[in-house]
Amino acid sequence: MSSEPHNAAPSFSAGRRWFIGFHVLLAVAAVTAILMMVNYLAVRHYVRHNVSGDGQGQLTPTTLQVIRSLTNDVRVILYFNPEEPLYPYISSMLKEYAALSPHIKLESVNYATEPAKATEVITQYRLRQGSKDMVIFATKDKMEYVTEGQLWDKDITELLQGKSNEVKRKSFLGELYFTSKLLAVS
C-alpha cells in the first residue's frame, strides 16, 4: 500500500453544483407558489365540515334554513361564566350559527370577570339583577333569552328512586331553543 495521499477528483464539478442548487431553489419556489395559491383559494371558498363520527354538532336542515333566511341583524350575547360545564357546548354551537350567517353578531360576556359589561347587558335588556348563565337574542325591537336550565333535558329517575342525590343531564337542547329564539326575534 502506498502512503501517498490520493488526489481524488471532486465528486461534483462547479457547474454540476450550480445546476443542483438552481433546481433546489426552483423546487422551493414552486412549492411556495402552490401553497400560496391553495391558501388564496381556501380563503375565498370557505367550507366547514363536521368530522365527528357520531354526528354531534351537525345542525338540522330546519335550523340551517332558519339561519340562512335571516335578513335582519341579530345580536347574540353569550352571558355565561366560561367555567360552567355547559359553556363549551353553547359556545361551539353559537359559533357555528354565526359562521353560517353574517346577520348573527355573536358576543360573549363573562359576568364573573367583566362586571361593567355585565351591568350594561342587564340594564340594556332589563334583566333581573343577579341574572346568570343565559343566551340573549336581540334585534332592535325584540329580545328573547334562554337560561342555562332550559338547555338540558334532565333525567331524574334515579333521584326519584332514591338511588342518587343528583339530577343527571340527558341531552343538550341548545339547537331547539336557539333556533326558536332566532325565529321569535327575526
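Predicted model: local features only at pLDDT ≥ 70, side-chain atom pairs only at ≥ 80, totals over all residues.

Q: Okay. How many aromatic pairs does the structure hold?
A: Five. One of them joins Phe80 and Tyr87. That pair is tilted, at 6.5 Å centre to centre and 50° between the planes.

Q: Are Phe80 and Tyr87 buried or exposed?
A: Phe80 is buried, and Tyr87 is too.

Q: What about Tyr89 and Trp152?
A: They pair edge-to-face. The centres are 5.5 Å apart, and the planes are at 90°. Tyr89 sits in helix 3 and Trp152 in strand 5, 63 residues apart, so the pair links distant parts of the chain.

Q: Why does Tyr89 count as partly exposed?
A: Because its relative accessible area is 47%, which lies between 20% and 50%. Trp152 has 11% relative accessibility, so Trp152 counts as buried.

Q: Which residues do ring pairs link into a cluster?
A: Tyr97, Phe137 and Phe178.

Q: New topic: helix 4. Which residues are buried there?
A: Ala118, Val121 and Ile122, in a helix that covers residues 115-124. Seen down the axis, they fall within an arc of 100°, so they line one face of helix 4.

Q: And what is on the other side of helix 4?
A: Ala116 and Thr123 are exposed there.

Q: What do the buried residues of helix 4 pack against?
A: Strand 1 (74-79), strand 2 (104-109) and strand 3 (134-138).

Q: What follows helix 4?
A: Arg126, with a positive phi near 50°.

Methods: Residues numbered from 1 in each chain as written. Heavy atoms only, no water. Phe/Tyr/Trp six-rings, centres within 6.5 Å; stacked < 30°, edge-to-face > 60°. Buried < 20%, exposed > 50% of the residue type's maximum accessible area, 1.4 Å probe, protein only. Helix = DSSP H or I, 4+ residues; strand = E, 2+ residues; numbered from the N terminus. Arc of directions from axis to C-beta. Contact = heavy atoms within 4.5 Å.
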